[in-house]
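Here is a short briefing to read with the model open beside you.

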Amino acid sequence: MDLFDILGPVMIGPSSSHTAGAARIGRVARRLFGRLPEEALIELSGSFAMTWQGHGIDRAILGGLMDFAVDDERLRNSRALADKAGLRYRFEQVSLPDTHPNTARLTLTDHGDRLCVTAASIGGGRIRVTEIDGLEVGFSGDMPTLIIQHRDEPGVIADVTRLLAEAGLNIATMRAFRQHQGGEAAMALELDARPDPALVRCLMSLLYIERAVAIDKI
Amino acid sequence: MRQNIGSLAELVAYAEEFGIEEAARCFEPDEETRAQTDARMLALLPVMRQSVEDGMDPALRSMSGLTGGRAAMLKDAVTGGKTVGGALLGRAAARALAVAESNAAMGRIVAAPTAGACGILPGVMLTLAEEYGLADRALLPGFYMSAAVGAIIAKRASISGAQGGCQAECGAASAMTAAAAVVLRGGSCRQAADAAGFALMNVMGLVCDPVGGLVEVPCVYRNVAGAAQALAAADLALAGIACPLPPDEIIDQMKAVGDMMPSALRETGLGGCAACPSALRMLKTETEPD
């Protein structure tokens, strides 16, 4: 913790967990998708579901989907701006079992592409992305992050870490998850710097890797 | 951070060896030069000033309609000589209310230490700057001290209403502000720690009970109370009155009390003010037109 964790962040009110955190959840989903989707289903669970209108959670998440930062005053008018940008969205109140009280699940779609991101706002504007397309991940968005979706086969993790090492990229945290042996799997790696697009393309070309995406800190 | 300081006692000891400004700066980010940190800190001031201005708009309303426009009323009453607390207290209170109301209306604010308590520090600091003719740079030692106190409270206890009640949000903000005010008036680090101790001691157990779960009632008015009691706590310390209990022990008890608090009194909007029979009716009528 440093002093700007105490004095800051500069943000649009009213609540660091319900507004700033919600905006960051929208933004991380958009960055993982790579562009503004045509459609977004936004499911709100727990306290998010109960207080979404008064806290501007809806506007915050939509603003995040349009890549607005937590201190961007356009967050206030993001519903109108989303309409204007052609984003079709809908909010649903749900109950996601075994999740943090402030959890949202965003399903983004366009032209047959689909991405489902579950994340929680854990206080002070900090977030935790917990699931991507049903695979457990677990990262904060506070650092450049590399997400790899792949088939569970021996050597995939070694291939990824070798390429990162060759590029001089240091891994700060890493989490790997698989649905079952030989099934769908995912890795989330928090890095000290963002991998360049050529490296991400190189990762994508590896056997068994279905999707690789690198995002900056949110 | 050059120093891994975990208590106000350690902060005071460090200040006695290296000076109060060095102590206040102990939570500077490692990777920045001092000039960079100063520039980032100074950049918060225009945001604070703008949030005061935004909040002083008589026509301002939050999304629920429960708050907004009251800061303008308070300012008019202070300017018109209709208040009892004197001009300095009145101006600090009106500014604190303005920032808090701006926050409730989705304005741009500096969380200090949280969004819900964001009015207290700027309300008092900007008023002291005006009263004593202090340039922005002269406010820096106060802001650094406020952050050091806030960081120590966050380390030992919590600055989250959901975890520790309002004592952890407006209480922490008030303690941070009291310490900052002492520094601006030339007090010692020990006096700043005492002021923080007084501020926390006097709101021990304050619950977080937002009507409808919204950061509005009583939150915006608790910002006024937090600013007023920061000034009172600073005055106690500046008079040379030592906090009768060690401030670190008060922080630890604040944590213990927060842990004992039922969840109905920790930001869930189920107890305290939120449970007043009128609270639900108020919410219903205020939100219907939208």
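Helices (H or I, at least four residues) and strands (E, at least two) are DSSP runs, numbered from the N terminus. The model is predicted: local features need pLDDT of at least 70, side-chain atom pairs count only at pLDDT 80 or more, and totals for chains, interfaces and linings use all residues. Residues are numbered from 1 along each chain as its sequence is written, while chains are lettered from A and ligands numbered from 1 in the order in which they are written.

- Helix α10 of chain B covers residues 189–201, 13 residues in total, and reaches 18 Å from its first C-alpha to its last. That is close to the expected 18 Å, where the expected span is 1.5 Å times one less than the number of residues.
- α10(B) is mostly covered, with 13 of its 13 residues buried. Buried means 20 or more other C-beta atoms within 10 Å of a residue's own, exposed means 12 or fewer, and partly exposed is in between, with C-beta atoms placed from the backbone.

**The largest nonpolar core**

- A nonpolar core is a set of buried Ala, Val, Leu, Ile, Met, Phe, Trp, Tyr and Cys residues joined through C-beta atoms within 7 Å. The largest one has 163 residues, and those with the most contacts inside it include B:Ala178, B:Ala195 and B:Ala196.
- Helix α9 of chain B (residues 170–184) gives the most to this core, with 12 residues.
- Domain 1 (10–133) and domain 2 (143–218) of chain A both give residues to the core, so it lies between them. The domain bounds come from an automatic or database domain assignment.
- Leaving aside neighbours within four places in sequence, B:Ala178 is in contact with B:Ala195, B:Ala196, B:Phe198, B:Ala199, B:Ala230, B:Ala233 and B:Ala234. Contact here means that the C-beta atoms of two residues, placed from the backbone, lie within 7 Å.

**Where the chains meet**

- Chain A brings 26 residues to the contact and chain B brings 35 residues.
- On the side of chain A that touches chain B, the elements giving two or more residues are α1 (3–6), β1 (10–12) and α3 (47–51) of chain A.
- That side of chain A has 12 nonpolar, 10 polar and 4 charged residues. Ala, Val, Leu, Ile, Met, Phe, Trp, Tyr, Cys and Pro count as nonpolar, Asp, Glu, Lys and Arg as charged, and the others, Gly among them, as polar.
- β1(A) and strand β1 of chain B (residues 108–110) run antiparallel and are joined by 3 bridges; strands pair if DSSP finds at least two bridges between them. Within this pairing, A:Ile12 stands opposite B:Arg108.

**The two domains of chain A**

- The centres of domain 1 and domain 2 of chain A, taken over C-alpha atoms, are separated by 25 Å.
- Their contact takes 8 residues from domain 1 of chain A and 6 residues from domain 2 of chain A. Helix α2 of chain A (residues 16–33) gives the most to the domain 1 side, with 5 residues.

**Backbone details worth a look**

- A cis peptide bond joins A:Gly13 and A:Pro14, with omega about 10°; A:Pro14 is found in the loop between β1 and α2 of chain A.
- Another cis peptide bond joins B:Ala112 and B:Pro113, with omega about -5°.
- B:Met106 is not a glycine, yet has a positive phi of about 60°. B:Met106 is buried, with 21 other C-beta atoms within 10 Å.
- B:Glu267 has a positive phi near 70° and is buried, with 27 other C-beta atoms within 10 Å.
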